[in-house]
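Notebook open. I want to go through this fold piece by piece and jot down what I look up.

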Amino acid sequence: MNIGITGASGMLGTALLNRLSKECNIYATSRNKGSVRKNVRWSCFDLLDLNELKNWLEYNNMDIIIHCAAMVDVDRCEKDPIVAEKLHCITTSIISNHLNKVGGKLIYISTDSLFDGNKRTAYTENDETNPLSIYAKTKLAGEKIALNIKNIALRTNIINYNGDTSNSLSDWIIKNLIENKPLNLFDDVFFSPLHVNDLSDIVYELIELNATGLYNATSSTIVSKFKFGLMIADIFNLDSNIITRGSIKDKKFVANRPCNMGLSSNKLAFLLNKKMPTVDKGIELLKGQYDRNKDR
């Protein structure tokens, strides 16, 4: 099977590339070349160059494309909505239409930020969306484009350990805990993060099942950002006393953000006939990555 991955040098893209290249031919694209492996062919260009994107689609015979590329800086999306729309909507439309024409399938990586956060419990795929930011609005528009045809959309929130150079929440927390720097984490923002390796396995299983539709791809538990930090400190055996409770109400972000981003993954668990990982299992994977990186 020939699989394309956009944003292939990013956190999820790299994990997918490493997982899927064992069984498939991978056509990876990003602005900069990422992991070099057997069965991986790189094409480096800016996805916003739509002519380059169309050439990549026409030149490579891909059965499935996993669209990971996104502008994940929520405040930057607010400042530059045209670029956000182009990346999240227009590129999705071009990719989806091409795959529909050739009989392929799109797997669109969506977000957990599509709701206003007022619900007290986990959001399901049937709950009405109400995005608060340009990022969320454009990601939702891209999701709808993908689901217009028989594709897959996965709403998720991912964690990974990449080391000191990463800006991910989990890396930032780990780095500050190791350096014994005080951390102030939101006690009123909730999410259900999933490790990228688990998500990569899920994507492979969905491909094997020839699945279509919308799924929440998250851990089975919901935690606050504050509790998440405490769990990392505990599993990494680091000092949790430097973590203090904070509130999103005290931060002045450019873009509005929901307080509850927790998603129910029951629909996906039923389809795959397995239990979704808990948050602490994801953190244990982070610890394993950290230990391997430290021993190099």
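Before anything else, I take contact to mean heavy atoms within 4.5 Å. With that, I looked up Ser265: leaving aside neighbours within four places in sequence, Ser265 is in contact with Asn216, Thr218, Ser219, Ser220 and Met276.

Ground rules for these notes. This is a predicted model, where local features need pLDDT of at least 70 and side-chain atom pairs count only at pLDDT 80 or more, while totals for chains, interfaces and linings use all residues. Residues are numbered from 1 along each chain as its sequence is written, and side-chain values use heavy atoms, with hydrogens and water left out.

**Entry 1: Ser265**

I placed Ser265 in the loop between strand 13 (243-246) and helix 9 (266-272). For helices (H or I, at least four residues) and strands (E, at least two) I use DSSP runs, numbered from the N terminus. Is Ser265 buried or exposed? It is buried, at a relative accessible area of 4%; my scale is buried under 20%, exposed over 50% and partly exposed in between, with a 1.4 Å probe and protein chains only. I also checked Ser265 against Asn61, which is 204 residues away along the chain: their C-alpha atoms are separated by 32 Å.

**Entry 2: the sheet**

Next I traced the strand order. I count two strands as paired if DSSP finds at least two bridges between them. On that basis 7 strands form an open sheet in the order 3-2-1-4-5-6-11, with parallel pairing. Strand 3 and strand 11 (213-217) are at the edges with a single partner strand each, so one side of each has no neighbour in the sheet. From one strand to the next, the twist averages 15°.

**Entry 3: strand 2 and its partners**

I found 5 bridges between strand 1 (residues 2-6) and strand 2, running parallel, with Ile5 opposite Ala28 in strand 2. Between those two strands the chain passes through helix 1 (residues 11-20), and the β-α-β crossover is right-handed. That is, with the strands pointing away from the viewer, the path from the first strand over the helix to the second runs clockwise. Strand 2 is also joined to strand 3 (residues 40-44) by 5 bridges, again parallel, and there Ser30 stands opposite Cys44. I noted 5 of the 6 residues of strand 2 (residues 25-30) as buried, so the rest of the structure largely encloses it.

**Entry 4: strands 5 and 6, and helix 5**

Strand 5 (residues 105-109) pairs with strand 6 (residues 152-156) in the parallel sense over 3 bridges, and Ile109 is opposite Leu154. Helix 5 (residues 134-147) packs on the sheet, where it touches strand 5, strand 6 and strand 11, and its direction makes about 160° with that of strand 5.

**Entry 5: helix 4 against helix 5**

How do helix 4 (residues 81-102) and helix 5 pack, and at what angle? The angle is about 10° and the axes are 9 Å apart. The two helices are therefore roughly parallel, as angles under 35 degrees count as such, over 145 as roughly antiparallel, 65 to 115 as roughly perpendicular and the rest as oblique.

I then looked at Thr92 in helix 4. Thr92 is buried, with a relative accessible area of 0%. Not counting residues up to four places away in sequence, Thr92 touches His67, Leu87, Leu106, Tyr108, Gly142, Ile145 and Ala146.

Definitions and conventions: Axes fitted to C-alpha atoms, helices over the stretch in contact; angles between N-to-C directions.
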